[in-house]
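I wanted to look up some charged pairs today. Here is what I opened, and my notes follow.

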Protein chains: 2
Amino acid sequence: MTVTSVHDPSHREALWELEDAFERGDLVSLFGRCTVSYEGRAASDLGPGDRLVVLKPDGAALVHTDEGRQPVNWQPPGSEHRAAVRDGRLRVRSTRDNPDETLTVRFAAVHQLSAMTVTGGRDLTLHGSEEDLRTRILERPGLVEAGFEPRETERPSSAGPMDVFGVDADGAPVVVELKRRRVGPDAVGQLARYVRALREEFGTEASDSETNGETAGNGGDGETDNADSPEVRGILVAPSVTDRAAERLADRGFDHVALEPTPDE
Amino acid sequence: MTVTSVHDPSHREALWELEDAFERGDLVSLFGRCTVSYEGRAASDLGPGDRLVVLKPDGAALVHTDEGRQPVNWQPPGSEHRAAVRDGRLRVRSTRDNPDETLTVRFAAVHQLSAMTVTGGRDLTLHGSEEDLRTRILERPGLVEAGFEPRETERPSSAGPMDVFGVDADGAPVVVELKRRRVGPDAVGQLARYVRALREEFGTEASDSETNGETAGNGGDGETDNADSPEVRGILVAPSVTDRAAERLADRGFDHVALEPTPDE
DNA sequence: TGCTCTATATCGATC
DNA sequence: GATCGATGTAGAGCA
């Protein structure tokens, strides 16, 4: 059997089991009444109470109460677990460097200790991510716009790599920013940086009159020195946008295409 | 004992224990070989392997492998846990609405099931940097205000102990409330309670026109001799404050001093 | 409820 | 190692 389990062990018993489990590289689950203290980038203290402590062989440590998705305290992978008995009580300590951080759990009582040697897959296949959205657009560019032709993904620019770069039906360059979910104004800012970078790269001659029928009356106030519609277009592809984001899109003359990462059924 | 624990239970046995644990509002830890699937904003599948499943009475569900700080799959608080035996195997499902999401864990074998009735505190005091902030201020009172003199820390009052108590250049009493990070209106309320308590304690003439007296014009810097200014001053020391908090500070005639818990480099 | 911002964010890719 | 961007981010504050 790959699982060892002790109920209401003494502190010293718990220590033995813990050390064995560390040795074996087991995944440890520890129920008990304890206090927790953390010192590092910040610091925290947690008074006595019942908690679940998880110790992973990769160095991760988690302290969970009965509430919340997040652990109340934790240590990331790469930390080092040590256990000891101090003043007759089990103490579990997880430390790491850079930054120097220490998590200490002091047990008043250990209710249950279980350790499992883990076998089997740990690779998750996730669908519906931004990666899926990119794939979907590259396979069916018409979803973005009739006549859109993707030319490059992760195309570098002075503002960093853009998600998709291509040309529209008129041959005008298009920057496409992909978001897998509803977005706020920050995404518009990101798109704007790419577009600005490309305009600078292309020299930004003001030849224009692309007659973008859908750009809702690009008012004269927003742009710094581009009096006419931009040579480089920006399209934000996301399931939806916030009101504020829509305003900023309109200000800059960008378009929004409503698209989910995966087709709806 | 508040902990129940079963080793290598049958699927039906595990089901009973799980249902009892849900009924009691226990925190559940479940070791076993299982597959996991998730459907919602995205979708994912995880093949057979040994994992630790945590089920919380607030609806949170976590699936952990032996690696990483993050659960490989999860459900946030507010979800609903259900357990059943299908095809002779234990199935745990956690669902929520808005968005509609379902997490399903199908067990090939349950190695260990533990459930604990949780008692005790769950409130974490993230104090560390505030301690640093206090130290920093005590060592360099001028950071708060020119001429400020700390007199006492954790000075007791009817509203509880205040972070720092002192006097300003004019000898007026000052309550300093420390926060290690950006704060909202609640911190202003806390500061106000301390100030009110001190005013009562000092028997200060009831110039409690604090709500309408001097509003914004007072704050600033040259509070050398404001006849209207309250006898007891309040200063909130925090890296930054929300807009709402700033309004309340102004309303009460308190000051905000922007200060990080630790010096910036 | 929805929106915005912060986090001991975590995590991966890239330079 | 440092920085940048995505995340089923989670969680708090605020309208």
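**Notes on salt bridges**

I started in chain B, where R244(B) and E247(B) both sit in helix 4 (residues 243–252), three residues apart, about one turn of the helix. Helices (H or I, at least four residues) and strands (E, at least two) are DSSP runs, numbered from the N terminus. This is a predicted model, where local features need pLDDT of at least 70 and side-chain atom pairs count only at pLDDT 80 or more, while totals for chains, interfaces and linings use all residues. Residues are numbered from 1 along each chain as its sequence is written, chains are lettered from A and ligands numbered from 1 in the order in which they are written, and side-chain values use heavy atoms, with hydrogens and water left out.

I found that the side chains of R244(B) and E247(B) form a salt bridge, 2.7 Å from N to O. The term means a side-chain nitrogen of Lys or Arg within 4 Å of a carboxyl oxygen of Asp or Glu. E247(B) is partly exposed at 42% relative accessibility. My cut-offs are buried under 20% relative accessible area, exposed over 50%, partly exposed in between (1.4 Å probe, protein chains only).

Next I checked R134(B), which forms a salt bridge with E154(B), the closest N and O atoms being 2.9 Å apart. This pair links distant parts of the chain, from helix 2 (residues 128–139) to strand 10 (residues 149–155), 20 residues apart. Is R134(B) buried or exposed? R134(B) counts as buried at 10%, whereas E154(B) is partly exposed at 38%.
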